[in-house]
Amino acid sequence: MRVLWLVVGLLAVTDARAQSPPYPQIERGRYLATVGDCTACHTAPGGPPFSGGLGLNTPFGTIYSSNITPDPKTGIGPWTEDDLWRVLHEGHRRDGSEIYPAMPYPWMTRTTRADSDAIFAYLRTLPAVERPKPGNDLFPPLNLRISVSGWNLLFFKPEAFAPDPQKSEAWNRGAYIVIGLGHCGGCHTKLDMLGAAEDSHALQGNTLDGWYAPDLTGNRTTGLGNWSEAEIVAYLHTGRNARAIAAGPMAEVVMDSTQHMTPTDLQAIATYLHSMPETGTAAPTPSVEAKVRTAGMAIYRDNCAACHGAQGTGASELIPSLIGDGAVVGTDPISVLHVILHGATANHTQFAPTDPGMPAFDWKLSDAQVAAVATFIRTNWGNQASVVNASMVRDTRETLRDAGAE
(Lines give C-alpha, C1' and ligand atoms only; values in the text may rest on other atoms or scores of the structure.)
Protein backbone atom coordinates (compact mmCIF):
# COMPACT_ATOMS: atom_id res chain seq x y z
CA MET A 1 0.00 0.00 0.00
CA ARG A 2 2.83 2.41 0.86
CA VAL A 3 4.43 1.68 -2.51
CA LEU A 4 1.12 2.45 -4.24
CA TRP A 5 0.79 5.82 -2.48
CA LEU A 6 4.39 6.61 -3.33
CA VAL A 7 3.76 5.89 -7.01
CA VAL A 8 0.57 8.01 -6.97
CA GLY A 9 2.47 10.86 -5.32
CA LEU A 10 5.28 10.73 -7.85
CA LEU A 11 2.79 10.71 -10.71
CA ALA A 12 1.03 13.75 -9.24
CA VAL A 13 4.32 15.67 -8.92
CA THR A 14 5.31 14.68 -12.44
CA ASP A 15 1.95 15.80 -13.80
CA ALA A 16 2.17 19.17 -11.97
CA ARG A 17 5.65 19.76 -13.35
CA ALA A 18 4.50 18.85 -16.83
CA GLN A 19 1.73 21.46 -16.59
CA SER A 20 4.02 24.19 -15.20
CA PRO A 21 5.61 26.60 -17.68
CA PRO A 22 9.27 25.88 -18.39
CA TYR A 23 11.74 27.99 -16.45
CA PRO A 24 13.17 29.75 -19.54
CA GLN A 25 9.68 31.03 -20.38
CA ILE A 26 9.16 32.25 -16.83
CA GLU A 27 12.52 34.00 -16.75
CA ARG A 28 11.84 35.60 -20.12
CA GLY A 29 8.47 36.75 -18.79
CA ARG A 30 10.17 38.33 -15.77
CA TYR A 31 12.48 40.24 -18.09
CA LEU A 32 9.64 41.32 -20.39
CA ALA A 33 7.58 42.52 -17.43
CA THR A 34 10.60 44.63 -16.51
CA VAL A 35 10.90 46.01 -20.04
CA GLY A 36 7.19 46.87 -19.90
CA ASP A 37 7.70 48.40 -16.42
CA CYS A 38 4.58 46.68 -15.12
CA THR A 39 5.53 47.37 -11.52
CA ALA A 40 5.36 51.16 -12.04
CA CYS A 41 1.57 51.19 -12.26
CA HIS A 42 0.68 47.92 -10.56
CA THR A 43 2.49 48.64 -7.27
CA ALA A 44 1.16 51.26 -4.86
CA PRO A 45 3.57 53.05 -2.49
CA GLY A 46 4.26 50.70 0.41
CA GLY A 47 2.18 47.94 -1.15
CA PRO A 48 3.27 44.44 -2.20
CA PRO A 49 4.70 44.30 -5.72
CA PHE A 50 2.14 43.92 -8.52
CA SER A 51 -0.82 44.02 -6.11
CA GLY A 52 -2.26 47.17 -7.68
CA GLY A 53 -4.11 49.98 -5.97
CA LEU A 54 -2.04 52.84 -7.39
CA GLY A 55 -4.15 55.88 -8.21
CA LEU A 56 -3.47 57.12 -11.75
CA ASN A 57 -4.41 60.76 -12.20
CA THR A 58 -6.17 61.64 -15.45
CA PRO A 59 -8.04 64.75 -16.62
CA PHE A 60 -11.21 62.71 -16.14
CA GLY A 61 -10.60 61.55 -12.57
CA THR A 62 -8.60 58.83 -10.83
CA ILE A 63 -8.21 55.27 -12.12
CA TYR A 64 -6.78 52.62 -9.81
CA SER A 65 -4.51 49.89 -11.10
CA SER A 66 -5.42 46.23 -10.87
CA ASN A 67 -3.94 43.46 -8.76
CA ILE A 68 -2.01 41.23 -11.16
CA THR A 69 -0.75 38.70 -8.61
CA PRO A 70 -2.28 35.19 -8.89
CA ASP A 71 -4.69 35.74 -6.01
CA PRO A 72 -7.91 33.81 -6.82
CA LYS A 73 -10.25 36.47 -5.40
CA THR A 74 -8.73 39.86 -6.18
CA GLY A 75 -6.00 39.08 -8.70
CA ILE A 76 -5.51 37.07 -11.87
CA GLY A 77 -5.73 33.64 -10.24
CA PRO A 78 -8.58 32.42 -12.47
CA TRP A 79 -7.04 33.88 -15.64
CA THR A 80 -5.66 32.00 -18.62
CA GLU A 81 -3.04 33.01 -21.15
CA ASP A 82 -5.86 34.03 -23.48
CA ASP A 83 -7.18 36.48 -20.88
CA LEU A 84 -3.91 38.38 -20.60
CA TRP A 85 -3.55 38.39 -24.38
CA ARG A 86 -6.97 40.05 -24.71
CA VAL A 87 -5.94 42.69 -22.19
CA LEU A 88 -2.73 43.58 -23.99
CA HIS A 89 -3.86 43.14 -27.57
CA GLU A 90 -7.54 44.10 -27.49
CA GLY A 91 -7.96 46.22 -24.35
CA HIS A 92 -10.63 43.93 -22.94
CA ARG A 93 -10.96 42.49 -19.47
CA ARG A 94 -11.56 38.84 -18.74
CA ASP A 95 -15.32 39.40 -18.67
CA GLY A 96 -15.18 41.09 -22.08
CA SER A 97 -15.72 44.64 -20.82
CA GLU A 98 -13.43 47.47 -21.84
CA ILE A 99 -10.29 48.53 -20.01
CA TYR A 100 -9.68 52.21 -19.43
CA PRO A 101 -6.79 53.38 -21.62
CA ALA A 102 -4.85 54.47 -18.55
CA MET A 103 -3.62 50.91 -19.08
CA PRO A 104 -1.43 51.49 -22.16
CA TYR A 105 -2.99 48.87 -24.41
CA PRO A 106 -2.93 51.30 -27.39
CA TRP A 107 0.83 50.67 -27.37
CA MET A 108 0.97 47.19 -25.84
CA THR A 109 -1.35 45.88 -28.53
CA ARG A 110 1.85 45.33 -30.53
CA THR A 111 3.18 42.85 -27.96
CA THR A 112 3.65 39.43 -29.55
CA ARG A 113 1.58 36.47 -28.39
CA ALA A 114 4.74 34.64 -27.31
CA ASP A 115 5.81 37.58 -25.16
CA SER A 116 2.33 37.91 -23.66
CA ASP A 117 2.33 34.21 -22.74
CA ALA A 118 5.79 34.54 -21.17
CA ILE A 119 4.67 37.49 -19.05
CA PHE A 120 1.64 35.48 -17.93
CA ALA A 121 3.86 32.54 -16.98
CA TYR A 122 5.95 34.88 -14.83
CA LEU A 123 2.98 36.57 -13.16
CA ARG A 124 1.70 33.14 -12.13
CA THR A 125 4.85 32.62 -10.07
CA LEU A 126 4.36 35.75 -7.96
CA PRO A 127 3.16 35.48 -4.35
CA ALA A 128 -0.62 35.76 -4.32
CA VAL A 129 -1.76 38.92 -2.54
CA GLU A 130 -5.40 39.40 -1.57
CA ARG A 131 -5.87 43.10 -2.18
CA PRO A 132 -9.14 44.39 -3.66
CA LYS A 133 -8.87 47.14 -6.24
CA PRO A 134 -10.35 50.47 -5.09
CA GLY A 135 -13.22 51.79 -7.14
CA ASN A 136 -12.33 54.32 -9.81
CA ASP A 137 -13.29 57.95 -9.23
CA LEU A 138 -14.28 59.22 -12.68
CA PHE A 139 -16.62 61.90 -13.92
CA PRO A 140 -19.89 60.71 -15.50
CA PRO A 141 -20.42 59.25 -18.04
CA LEU A 142 -16.81 58.00 -18.06
CA ASN A 143 -17.50 56.11 -14.85
CA LEU A 144 -19.41 53.68 -17.08
CA ARG A 145 -17.03 51.32 -18.86
CA ILE A 146 -19.28 51.14 -21.87
CA SER A 147 -18.14 54.68 -22.67
CA VAL A 148 -14.70 53.27 -23.52
CA SER A 149 -16.19 51.29 -26.39
CA GLY A 150 -16.89 54.58 -28.17
CA TRP A 151 -13.36 55.77 -27.43
CA ASN A 152 -11.96 52.55 -28.89
CA LEU A 153 -14.05 52.96 -32.04
CA LEU A 154 -12.55 56.39 -32.56
CA PHE A 155 -8.97 55.93 -31.45
CA PHE A 156 -7.94 52.27 -31.14
CA LYS A 157 -7.49 49.31 -33.42
CA PRO A 158 -5.68 46.13 -32.33
CA GLU A 159 -2.57 45.59 -34.37
CA ALA A 160 0.50 43.40 -34.47
CA PHE A 161 4.01 44.77 -34.58
CA ALA A 162 5.17 44.82 -38.19
CA PRO A 163 8.98 44.76 -38.59
CA ASP A 164 10.34 46.99 -41.33
CA PRO A 165 12.30 44.75 -43.71
CA GLN A 166 14.32 47.77 -44.84
CA LYS A 167 15.63 48.34 -41.32
CA SER A 168 18.16 46.45 -39.21
CA GLU A 169 17.31 43.87 -36.58
CA ALA A 170 18.41 46.33 -33.88
CA TRP A 171 16.17 49.07 -35.27
CA ASN A 172 13.16 46.76 -35.34
CA ARG A 173 13.81 45.54 -31.81
CA GLY A 174 14.08 49.14 -30.64
CA ALA A 175 10.84 50.04 -32.39
CA TYR A 176 9.09 47.06 -30.77
CA ILE A 177 10.13 48.32 -27.33
CA VAL A 178 9.56 52.04 -27.88
CA ILE A 179 6.17 51.93 -29.63
CA GLY A 180 5.08 48.56 -28.26
CA LEU A 181 5.87 46.78 -25.02
CA GLY A 182 7.84 49.67 -23.51
CA HIS A 183 5.00 52.12 -24.39
CA CYS A 184 7.27 55.20 -24.31
CA GLY A 185 4.54 57.14 -26.09
CA GLY A 186 2.30 56.69 -23.07
CA CYS A 187 4.22 59.51 -21.42
CA HIS A 188 6.12 61.22 -24.24
CA THR A 189 3.24 61.76 -26.69
CA LYS A 190 0.78 64.60 -26.29
CA LEU A 191 -2.85 63.65 -25.70
CA ASP A 192 -5.87 65.39 -27.13
CA MET A 193 -8.86 66.58 -25.12
CA LEU A 194 -10.34 63.07 -25.16
CA GLY A 195 -7.16 61.44 -23.88
CA ALA A 196 -6.08 59.94 -27.19
CA ALA A 197 -2.48 60.12 -28.37
CA GLU A 198 -1.90 62.69 -31.10
CA ASP A 199 -0.08 60.61 -33.68
CA SER A 200 1.03 63.75 -35.49
CA HIS A 201 3.03 64.62 -32.36
CA ALA A 202 4.32 61.13 -31.57
CA LEU A 203 7.11 61.19 -28.96
CA GLN A 204 7.36 65.00 -29.18
CA GLY A 205 6.83 65.57 -25.46
CA ASN A 206 3.90 65.69 -23.05
CA THR A 207 2.95 67.05 -19.64
CA LEU A 208 1.70 64.74 -16.91
CA ASP A 209 1.66 64.57 -13.11
CA GLY A 210 3.49 67.86 -12.69
CA TRP A 211 6.37 66.95 -15.01
CA TYR A 212 7.22 67.39 -18.67
CA ALA A 213 8.21 64.19 -20.48
CA PRO A 214 10.65 65.60 -23.07
CA ASP A 215 10.75 65.31 -26.84
CA LEU A 216 12.40 62.04 -27.96
CA THR A 217 12.58 62.89 -31.65
CA GLY A 218 15.55 64.19 -33.60
CA ASN A 219 14.72 67.82 -32.82
CA ARG A 220 18.04 69.51 -32.09
CA THR A 221 16.51 72.13 -29.81
CA THR A 222 14.06 70.20 -27.64
CA GLY A 223 14.75 66.54 -28.50
CA LEU A 224 17.58 64.05 -28.87
CA GLY A 225 18.97 65.40 -32.12
CA ASN A 226 22.31 66.27 -30.54
CA TRP A 227 22.61 63.07 -28.50
CA SER A 228 24.75 60.16 -29.66
CA GLU A 229 23.54 56.58 -29.43
CA ALA A 230 26.10 56.00 -26.66
CA GLU A 231 24.63 58.88 -24.66
CA ILE A 232 21.13 57.44 -24.99
CA VAL A 233 22.37 54.05 -23.81
CA ALA A 234 24.20 55.59 -20.84
CA TYR A 235 21.12 57.57 -19.80
CA LEU A 236 18.88 54.51 -19.87
CA HIS A 237 21.50 52.30 -18.21
CA THR A 238 22.55 54.60 -15.38
CA GLY A 239 20.01 57.41 -15.35
CA ARG A 240 22.58 59.99 -16.36
CA ASN A 241 25.05 61.11 -18.97
CA ALA A 242 27.00 64.28 -19.71
CA ARG A 243 23.82 66.02 -20.87
CA ALA A 244 21.08 65.06 -18.43
CA ILE A 245 20.14 63.28 -15.23
CA ALA A 246 16.82 61.47 -14.82
CA ALA A 247 14.44 62.91 -12.24
CA GLY A 248 10.77 62.55 -11.39
CA PRO A 249 8.87 59.74 -13.15
CA MET A 250 11.78 59.05 -15.52
CA ALA A 251 14.04 58.31 -12.57
CA GLU A 252 11.53 55.65 -11.54
CA VAL A 253 11.55 54.21 -15.07
CA VAL A 254 15.32 53.89 -14.92
CA MET A 255 15.19 52.38 -11.43
CA ASP A 256 12.48 49.81 -12.16
CA SER A 257 13.04 49.11 -15.84
CA THR A 258 15.78 50.38 -18.12
CA GLN A 259 18.77 49.80 -15.84
CA HIS A 260 17.85 46.10 -15.89
CA MET A 261 17.65 45.80 -19.66
CA THR A 262 20.26 43.94 -21.63
CA PRO A 263 22.94 45.95 -23.46
CA THR A 264 21.49 44.63 -26.71
CA ASP A 265 18.04 46.03 -25.95
CA LEU A 266 19.42 49.37 -24.77
CA GLN A 267 21.41 49.68 -27.98
CA ALA A 268 18.30 48.76 -29.95
CA ILE A 269 16.31 51.55 -28.30
CA ALA A 270 19.12 53.99 -28.99
CA THR A 271 19.28 52.87 -32.62
CA TYR A 272 15.58 53.47 -33.10
CA LEU A 273 15.44 56.83 -31.30
CA HIS A 274 18.58 58.08 -33.01
CA SER A 275 16.95 57.41 -36.38
CA MET A 276 13.91 59.56 -35.72
CA PRO A 277 13.66 62.64 -37.93
CA GLU A 278 13.88 66.16 -36.65
CA THR A 279 10.43 67.53 -35.93
CA GLY A 280 8.97 70.96 -35.47
CA THR A 281 10.41 74.28 -36.57
CA ALA A 282 13.30 76.31 -35.27
CA ALA A 283 12.36 78.11 -32.07
CA PRO A 284 12.17 81.91 -32.42
CA THR A 285 14.59 83.95 -30.35
CA PRO A 286 12.72 84.71 -27.12
CA SER A 287 12.16 88.33 -26.15
CA VAL A 288 12.98 88.91 -22.50
CA GLU A 289 12.54 92.19 -20.69
CA ALA A 290 15.83 93.63 -19.47
CA LYS A 291 14.64 93.87 -15.86
CA VAL A 292 13.52 90.22 -15.89
CA ARG A 293 16.85 89.08 -17.33
CA THR A 294 18.77 91.12 -14.78
CA ALA A 295 16.70 89.78 -11.89
CA GLY A 296 16.96 86.20 -13.16
CA MET A 297 20.71 86.46 -13.55
CA ALA A 298 21.10 87.75 -9.98
CA ILE A 299 18.88 85.01 -8.53
CA TYR A 300 20.74 82.37 -10.53
CA ARG A 301 24.12 83.66 -9.37
CA ASP A 302 23.06 83.65 -5.72
CA ASN A 303 21.18 80.34 -5.62
CA CYS A 304 22.15 78.14 -8.56
CA ALA A 305 25.64 78.91 -9.88
CA ALA A 306 27.48 77.20 -7.01
CA CYS A 307 26.31 73.82 -8.32
CA HIS A 308 25.28 74.36 -11.93
CA GLY A 309 28.17 76.70 -12.73
CA ALA A 310 28.16 80.28 -13.96
CA GLN A 311 27.63 79.03 -17.52
CA GLY A 312 25.03 76.37 -16.64
CA THR A 313 27.33 73.47 -17.49
CA GLY A 314 26.84 71.56 -14.22
CA ALA A 315 29.10 68.63 -13.41
CA SER A 316 29.06 65.71 -15.82
CA GLU A 317 26.92 62.79 -14.60
CA LEU A 318 26.47 64.43 -11.18
CA ILE A 319 24.81 67.83 -11.59
CA PRO A 320 22.79 68.26 -14.78
CA SER A 321 23.77 70.76 -17.42
CA LEU A 322 21.10 73.35 -18.10
CA ILE A 323 22.17 73.81 -21.71
CA GLY A 324 19.88 72.19 -24.26
CA ASP A 325 18.28 69.82 -21.75
CA GLY A 326 14.91 68.73 -23.14
CA ALA A 327 13.17 69.25 -19.80
CA VAL A 328 14.70 72.71 -19.46
CA VAL A 329 13.82 73.98 -22.93
CA GLY A 330 10.66 71.96 -23.45
CA THR A 331 7.41 73.47 -24.65
CA ASP A 332 6.04 73.33 -21.12
CA PRO A 333 8.33 74.71 -18.38
CA ILE A 334 6.62 72.72 -15.63
CA SER A 335 9.61 70.43 -14.96
CA VAL A 336 11.89 73.45 -14.43
CA LEU A 337 9.33 75.05 -12.11
CA HIS A 338 8.73 71.74 -10.32
CA VAL A 339 12.44 71.33 -9.54
CA ILE A 340 12.94 74.96 -8.50
CA LEU A 341 9.91 74.88 -6.21
CA HIS A 342 10.15 71.41 -4.73
CA GLY A 343 13.69 70.28 -5.48
CA ALA A 344 14.53 66.87 -6.86
CA THR A 345 16.63 63.81 -6.14
CA ALA A 346 18.30 61.92 -8.96
CA ASN A 347 17.96 58.18 -9.18
CA HIS A 348 20.61 55.82 -7.94
CA THR A 349 21.29 52.64 -9.87
CA GLN A 350 23.63 49.72 -9.48
CA PHE A 351 25.91 51.39 -12.02
CA ALA A 352 25.64 54.93 -10.60
CA PRO A 353 24.99 54.58 -6.86
CA THR A 354 25.27 58.29 -6.01
CA ASP A 355 21.94 60.11 -6.00
CA PRO A 356 22.59 63.86 -5.98
CA GLY A 357 19.75 66.14 -4.98
CA MET A 358 18.64 69.72 -5.32
CA PRO A 359 16.94 71.61 -2.48
CA ALA A 360 13.55 73.24 -2.75
CA PHE A 361 13.20 76.99 -3.11
CA ASP A 362 9.44 77.37 -2.79
CA TRP A 363 9.89 78.77 0.72
CA LYS A 364 12.47 81.32 -0.39
CA LEU A 365 11.52 82.66 -3.81
CA SER A 366 8.35 84.51 -4.77
CA ASP A 367 6.37 83.68 -7.90
CA ALA A 368 8.01 86.59 -9.72
CA GLN A 369 11.48 85.48 -8.64
CA VAL A 370 10.92 81.87 -9.72
CA ALA A 371 9.61 83.13 -13.05
CA ALA A 372 12.66 85.35 -13.53
CA VAL A 373 15.24 82.66 -12.80
CA ALA A 374 13.34 80.07 -14.87
CA THR A 375 13.22 82.51 -17.78
CA PHE A 376 16.93 83.20 -17.40
CA ILE A 377 17.74 79.49 -17.53
CA ARG A 378 15.42 78.82 -20.50
CA THR A 379 16.76 81.73 -22.58
CA ASN A 380 20.47 81.83 -21.76
CA TRP A 381 23.56 79.95 -23.02
CA GLY A 382 21.95 79.30 -26.38
CA ASN A 383 18.65 78.01 -24.96
CA GLN A 384 15.67 79.35 -26.90
CA ALA A 385 12.57 78.51 -24.92
CA SER A 386 9.55 80.59 -24.02
CA VAL A 387 9.56 82.97 -21.08
CA VAL A 388 7.86 82.19 -17.79
CA ASN A 389 5.61 84.61 -15.93
CA ALA A 390 4.49 84.80 -12.31
CA SER A 391 0.99 83.53 -13.02
CA MET A 392 2.46 80.34 -14.52
CA VAL A 393 4.45 79.80 -11.33
CA ARG A 394 1.37 80.39 -9.20
CA ASP A 395 -0.60 77.87 -11.23
CA THR A 396 2.25 75.36 -10.95
CA ARG A 397 2.33 75.74 -7.18
CA GLU A 398 -1.39 74.93 -7.09
CA THR A 399 -1.00 72.00 -9.49
CA LEU A 400 1.79 70.47 -7.42
CA ARG A 401 -0.10 71.08 -4.21
CA ASP A 402 -3.21 69.35 -5.58
CA ALA A 403 -1.07 66.44 -6.78
CA GLY A 404 0.55 66.07 -3.37
CA ALA A 405 4.03 66.74 -4.78
CA GLU A 406 6.79 67.14 -2.27
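Tutor: Start here: Asp82, Arg113 and Asp117 are linked in a network of salt bridges. A salt bridge is a side-chain nitrogen of Lys or Arg within 4 Å of a carboxyl oxygen of Asp or Glu. The model is predicted, so local features need pLDDT of at least 70 and side-chain atom pairs pLDDT 80 or more, while totals for chains, interfaces and linings use all residues. Residues are numbered from 1 along each chain as its sequence is written, and side-chain values use heavy atoms, without hydrogens and water.

Student: How many salt bridges does the rule give?

Tutor: The count is twelve.

Student: How far apart are N and O in the salt bridge of Arg113 and Asp117?

Tutor: The distance is 2.8 Å. Both residues sit in helix α6, four residues apart, about one turn of the helix. Helices here are DSSP runs of H or I with at least four residues, strands are E runs of at least two, and both are numbered from the N terminus.

Student: Is Asp117 buried or exposed?

Tutor: Asp117 is buried, at 13% relative accessibility. Arg113 is partly exposed, at 30%. Buried means under 20% relative accessible area, exposed over 50%, and partly exposed in between, with a 1.4 Å probe and protein chains only.

Student: Which residue does Arg28 form a salt bridge with?

Tutor: The partner is Asp115, with the closest N and O atoms 3.0 Å apart. This pair links distant parts of the chain: Arg28 is in helix α2 (residues 23–35) and Asp115 in helix α6 (residues 113–123), 87 residues apart. Asp115 is buried at 5%, whereas Arg28 is partly exposed at 38%.

Student: Back to α6. At what angle does α4 cross it?

Tutor: Roughly 120°, and the axes of α4 (residues 81–90) and α6 come within 9 Å. That makes α4 oblique to α6. Axes are lines fitted to C-alpha atoms, for helices over the stretch in contact, and angles run from 0 to 180 degrees between N-to-C directions. Under 35 degrees is roughly parallel, over 145 roughly antiparallel, 65 to 115 roughly perpendicular, and the rest oblique.

Student: Which residues of α4 make the contact?

Tutor: Glu81, Asp82, Leu84, Trp85 and Leu88. On the α6 side, the residues include Arg113, Asp117 and Phe120. Contact means heavy atoms within 4.5 Å.

Student: New topic. Which residues of α10 are buried?

Tutor: Ile232, Val233, Tyr235, Leu236 and Thr238. They pack against α11 and α12 (263–274). Just after α10, Gly239 takes a positive phi of about 85°.

Student: And what does Arg243 pair with?

Tutor: Arg243 meets Glu231 in a salt bridge, 2.9 Å from N to O. Arg243 lies in the loop between α10 (229–238) and α11 (249–256) and Glu231 in helix α10, so the pair ties together parts twelve residues apart in sequence.

Student: Which peptide bond is cis?

Tutor: The bond from Pro140 to Pro141, with omega near 0°. Pro141 is in the loop between β3 (137–138) and α7 (146–155). Most residues other than glycine have a negative phi, and most peptide bonds are trans.

Student: What is phi of Leu203?

Tutor: Near 60°, a positive value in a residue other than glycine. Leu203 is in the loop between α9 (185–188) and β4 (206–208), and it is buried at 5%.

Student: Where is Asp209?

Tutor: In the loop between β4 and β5 (211–213). Asp209 has a positive phi of about 50°, and Asp209 is partly exposed at 47%.
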